[in-house]
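Work through the exercises below with the sequence and the model side by side. Each task is followed by a solution in steps.

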Amino acid sequence: QAKLVESGGGLVQPGGSLRLSCETSGMIFSIHTMAWYRQAPGKERELVASIFTHGSANYADFVKGRFTISRDNDKNTMYLEMNSLKAEDTAIYYCNAKSGKLPWGQGTQVTVSS
């Protein structure tokens, strides 16, 4: 059974930075196109960024130029470097396969507030 554990969230001021991690187990991480999603209060879950097995990435327009997704296949771990954070980035951030078909973890809360 695949397990995904997100970490690295927290409270940060506007303009600040955070680095999220997604540790995986029970799956062959290297064969999956992976992705970060987020869900803000009262809103549907949305795709933030995705990364192919070989490392090329795609980003939602609202994070382009500010967020960077990466992965370490040897460590079965994916990352999301978030810079120039805005209040509207406040959400619970989740990782999953791009398909969304792996079991969802609990996510990590990111709060951007002064």
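**Exercise 1. Which side chain makes a polar contact with the side chain of R38, and where in the fold is R38 found?**

Solution. 
- Step 1. In this predicted model, the side chains of R38 and Y93 form a polar contact at 3.0 Å.
- Step 2. R38 belongs to strand 4, which covers residues 34–39.
- Step 3. Buried means under 20% relative accessible area; R38 has 6%, so it counts as buried.
- Step 4. Neighbours within four places in sequence are set aside for the contact list of R38. Y93 is on that list, which also includes E44, V48, F62, F67, E88 and A91.

**Exercise 2. Trace the salt bridges that involve R38, and follow them onward to the residues linked in a network.**

Solution. 
- Step 1. Side chains of opposite charge can pair when their charged atoms come close.
- Step 2. E46 and R38 form a salt bridge through their side chains, with an N to O distance of 2.8 Å. E46 is partly exposed, because its relative accessibility is 32%.
- Step 3. R38 also forms a salt bridge with D89, at 2.9 Å from N to O. R38 lies in strand 4 and D89 in the loop between strand 8 (77–82) and strand 9, so this pair ties together parts that are 51 residues apart in sequence.
- Step 4. D89 counts as buried, because its relative accessibility is 1%.
- Step 5. The side chain of D89 meets that of R66 in a salt bridge of 2.7 Å, N to O.
- Step 6. D89 and R66 are both buried.

**Exercise 3. Is I92 buried or exposed, or does it fall in between, and with which residues is I92 in contact?**

Solution. 
- Step 1. I92 lies in strand 9, residues 91–97.
- Step 2. The relative accessible area of I92 is 28%, so I92 is partly exposed.
- Step 3. With neighbours within four places in sequence left aside, I92 is in contact with Y37, R38 and Q39, and also with Q106, G107, T108 and Q109. The contact list of R38 names I92 in turn.
- Step 4. For a distance across the chain, take K43: 49 residues separate I92 and K43 along the chain, and their C-alpha atoms are separated by 11 Å.

**Exercise 4. What is the strand order of the open sheet of four strands, and which strands are its edge strands?**

Solution. 
- Step 1. Strands of a sheet pair through backbone hydrogen bonds, either parallel or antiparallel.
- Step 2. The open sheet of four strands has the order 1-3-8-7, and its pairing is antiparallel.
- Step 3. Strand 1 (3–7) and strand 7 are the edge strands, since each pairs on one side only.
- Step 4. Neighbouring strands in this sheet are turned against each other by 15° on average, direction ignored.
- Step 5. Strand 7 and strand 8 run antiparallel and are joined by six bridges. F67 stands opposite M82, a residue of strand 8.
- Step 6. F67 also leads back to Exercise 1, as one of the residues in contact with R38.

Key:
Residues numbered from 1 in each chain as written. Predicted model: local features only at pLDDT ≥ 70, side-chain atom pairs only at ≥ 80, totals over all residues. Heavy atoms only, no water. Helix = DSSP H or I, 4+ residues; strand = E, 2+ residues; numbered from the N terminus. Buried < 20%, exposed > 50% of the residue type's maximum accessible area, 1.4 Å probe, protein only. Contact = heavy atoms within 4.5 Å. Polar contact = N/O pair within 3.5 Å; in protein donor to acceptor, adjacent residues only side chain to side chain. Salt bridge = Lys/Arg side-chain N within 4 Å of Asp/Glu carboxyl O. Pairing = 2+ DSSP bridges. Axes fitted to C-alpha atoms, helices over the stretch in contact; angles between N-to-C directions.
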